[in-house]
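Colleague: I have not worked with this structure before. Could you take me through it, beginning with the charged pairs on its side chains?

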Amino acid sequence: MEEIKKTEQEIKWNFRVLGMTCTTCSRIVERALKKVPGVIFASVNLATESAFVLAEPGVREDSLEAAVKKSGYEIVKDVPADLDEMRYREARRNLIEILVIGIPLSFLMLLHMFFGYHFPWYGSLEIVFGAAAIFWCGRKTISGAWIALRHGHTNMDSLIALSAAASWLTAIFNIMGFAIPSFGTVGVMIMMLHLTGRYIESHLRDRAAKQVKTLLTLQPREARVMGDNGETIMVPIEAVKPETIMQVNPGERIPLDGVVIEGKSGVDESLLTGESLPVAKSEGSEVTGGALNTYGILTIRTTKVGEDTFLSKMLELVREAQGGKVPLQALADRLTLKFVPAVIGLAGLSAAAWYFFFPQLHALIAPLAAMMPWPTNLSTPAGAAAYAFIATLVIACPCALGLATPLALVVSTGEASRAGLLIRNAEAIQTLKDVNFAILDKTGTITKGEPKVTKWQAPEAALRYIYALESNSGHPLARAVTEAVGIHPADRADSLTETPGEGVTGKWGDTEWFVGRTLDRSRWSDASSLAVTLVEVRRNGEPVGYFAITDPIREDSPSAISELKKMGVTPMMATGDAKETALSIAKEAGIEDVRWEVRPEDKLSLVHEAQSEGRRVLMGGDGINDAAALKGAEVGIAMGGGMDLAVDSADIVIMRGGLSRIVAAIKISSKTWRVIRENLFGAFVYNIIAIPMAMAGLLHPIAAEFAMAASSITVILNSLRIAGSAENKKEVF
């Protein structure tokens, strides 16, 4: 278990839960966690075996662990790096073993059913090898069913174990002389197809975990640190502190986030940002842990360590996303929670009805049974009861309903990753398809977020105060100003305040300096007519200078805006810039609806205004001033290079690229929703048709077995259709 974030208000936990086999299991674990005093929110994802818990201060790890253990499952503290690979190998080994046993038995059974050939000693082989297949190869399933029974609930393992064991028992009763047909091989086939499904699920889970594995392997375990005597020593990255000087040689990955203080090189950031070409780095350049140094020696001063590094934050976001689920999945979970006991009850009811009312039911069903393309066995009350009981259990497991949503979400999050998107809130996948109005920030969203000062005017005496103020801001415009004025040491300010959407204010004695939004653009006549952003410098409220800043539009913005319009999404640009700049950028991007000189609270008002008109709103931004609107919109999408507050407020983070990634996100959402609906519809229709047929004795257990397998395989294959929803297939991580 890992505590990933801790504040005065709340604690977030992400951890792995082992032993879950179906949505009923995950639902029970989730319910157990929610009952722990102090837990605010809990979500358990079966597909990735991950759980996310939001709790009040004081909630202890052992209380969460005890709750999960009491429900019959296990929290894993130290997950082996190759756990998914180990489980994949185990699933493959179990499948191979049961195929070696099951295929010959199935062949002999089919020879007897359709050609009348009976292999000598087949009954004994069915009992001995059937026991090996069911209770050895399927021991994990039997164990899962026993755990559920011991804790007073049922799961999909319960159906598998009960139907396989009951089928095997009929072979014993048959060889003992009871008038019951033998379905021992059917039990082997049930377990064989179930383990085939487990093998496929294990493969998908391994693929889902690849994203986190790749992130973990990007960061070196050790850093080359400069010692006091000038020599370098290798130390674990956990021991590296901020302001430590590191050396990174060619061909090595950068251990931690930092700033280059000496050297020049090209840094390959493709696995982090998707940028295919190495990025030139020299003195003063920021570098990210996990990036690959290509040819030069770099000396780096660390700025972020531990949980503050880029990779750590991305891991946190990925794990939170994997712990979430969409509302539709919650509905499916509630249905499957009642489905298993209902099926067991219906199977028992059908068996009792056939046993006690055999003459009446036989007279009613026999004409229909004769029309079936497979043989039936309704000759005796006990035989008909066993026939209907086993067929009903078999037809319902492993329920395609339980796979319908989780598998689609696993595939969609992987597809989003390849498209340059990190989904923080799984609910956004369901919501995004309904968006019809997009409010987009300008700087860093429609534009590149790489502003440059083209013209400026300020007194020489003001430069040190301007640098002191802007160097304490993370806004892209502030970085442009500091680059323009250069480094000017100043005394520490008595007070310093940054107001989102306004600027930065600082006091030195009785003098107050401000850098930010201009009061009157026309004051600066030599720049006011230009399509630039004006940043004003004021001393005690009196303007003393300005900076004219331009920010080029992203290459994909015009085409993405055009595509959004075709998809029925109306775009609006909302920016704090002046009218001239806003209209110029909007025209270039192809946006007709433009709002300028917009303050942070105004952006949230625009979101609420659109929502009051019945619109489903998407908000795209990257700054502190966008955070409230990102949170208030139906779906908030933040640029990955933006401010932490914006990223934390967003449902989806664009890790590379621009507005075209929003188009890709909507396509993935639409395809995922369509696939989930198809999966659920198919699963419901399958059960509605097949279960009554099985109860009526019209469905041979073998036919039920193949129908059950076909339904589950259909759900898996249909979920895989989501791959290809986005245009860009390049890996991000």
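Colleague: How many salt bridges does the structure hold?

Modeller: This is a predicted model, and the pairs are read from its coordinates. Side chains of opposite charge can pair when their charged atoms come close. The number of salt bridges in the structure is 15.

Colleague: One of them involves Arg 60. Which residue is its partner, and is Arg 60 buried or exposed?

Modeller: The closest N and O atoms of the pair are 3.2 Å apart, and the partner is Asp 62. Asp 62 has a relative accessibility of 42% and counts as partly exposed. For Arg 60 the relative accessible area is 54%; with the limit at over 50%, Arg 60 is exposed.

Colleague: What is the N to O distance between Lys 433 and Asp 434?

Modeller: Asp 434 has a relative accessible area of 34%, so it is partly exposed. Its side chain meets that of Lys 433 in a salt bridge, with an N to O distance of 2.8 Å.

Colleague: Glu 483 and Lys 452 also form a salt bridge. How many residues apart in sequence are the parts that this pair ties together?

Modeller: The closest N and O atoms of Glu 483 and Lys 452 are 3.6 Å apart. Glu 483 belongs to helix H17 (residues 476-485) and Lys 452 to strand S17 (residues 452-457), so the pair links parts of the chain that are 31 residues apart.

Colleague: How accessible are Glu 483 and Lys 452?

Modeller: Glu 483 has a relative accessible area of 56% and is therefore exposed. Lys 452 falls in the class below, partly exposed. Its relative accessible area is 48%.

Colleague: Let us turn to the chain as a whole. How many helices and strands does the protein chain have, and what share of its residues is buried?

Modeller: The protein chain has 25 helices and 27 strands. Among contacts with a separation of 6 or more, 68% join residues 24 or more positions apart. The accessible surface comes to about 31600 Å², with 58% of it belonging to carbon and sulfur atoms. Of the 733 residues, the buried share is 54%.

Colleague: What is the mean pLDDT of the protein chain, and over which residues is it below 50?

Modeller: The mean pLDDT is 80, and 84% of the residues reach 70 or more. Over residues 1-8 the value is below 50, although the model gives this stretch 28 contacts beyond near neighbours in sequence. Where pLDDT is low, the predicted coordinates should not be read in detail. The value also stays under 50 over residues 728-733.

Colleague: Is helix H12 largely enclosed or open to its surroundings?

Modeller: H12 spans residues 381-395, and its 15 residues reach 21 Å from the first C-alpha to the last, close to the 21 Å expected. Of these 15 residues, 13 are buried, so the rest of the structure leaves H12 largely enclosed.

Colleague: Which residues does UniProt list as "transmembrane region", and what is the helix content of residues 680-700?

Modeller: The unreviewed UniProt entry lists residues 95-115, 335-357, 384-411 and 680-700 under that name. In the model, the end C-alpha atoms of residues 680-700 lie 25 Å apart. The span is 0% strand, and its helix content is 76%.

Colleague: Where does Thr 141 lie, and which residues is it in contact with beyond its neighbours in sequence?

Modeller: Thr 141 is placed in helix H5 (residues 139-150). Its relative accessible area is 0%, so Thr 141 is buried. Leaving aside neighbours within four places in sequence, its contacts are Asp 157, Ile 160, Ala 161, Met 191, His 194, Leu 195 and Arg 198.

Colleague: Is Leu 717 buried or exposed, and what separates its C-alpha atom from that of Ala 408?

Modeller: Leu 717 lies in helix H25 (residues 701-720). Its relative accessibility is 51%, so Leu 717 counts as exposed. Leu 717 and Ala 408 are 309 residues apart along the chain, and their C-alpha atoms are separated by 9.8 Å.

Colleague: Which residue with a positive phi follows helix H6?

Modeller: Helix H6 (residues 156-175) has 20 residues and reaches 30 Å, close to the 28 Å expected. The residue that follows H6 with a positive phi, near 105 degrees, is Gly 177.

Methods: Residues numbered from 1 in each chain as written. Heavy atoms only, no water. Helix = DSSP H or I, 4+ residues; strand = E, 2+ residues; numbered from the N terminus. Buried < 20%, exposed > 50% of the residue type's maximum accessible area, 1.4 Å probe, protein only. Contact = heavy atoms within 4.5 Å. Areas by Shrake-Rupley, 256 points an atom, 1.4 Å probe, with all protein chains shown as cover. pLDDT = per-residue confidence, 0-100. Expected span 1.5 Å × (residues − 1). UniProt positions renumbered as here; feature names shortened; annotations may be inferred. Salt bridge = Lys/Arg side-chain N within 4 Å of Asp/Glu carboxyl O.
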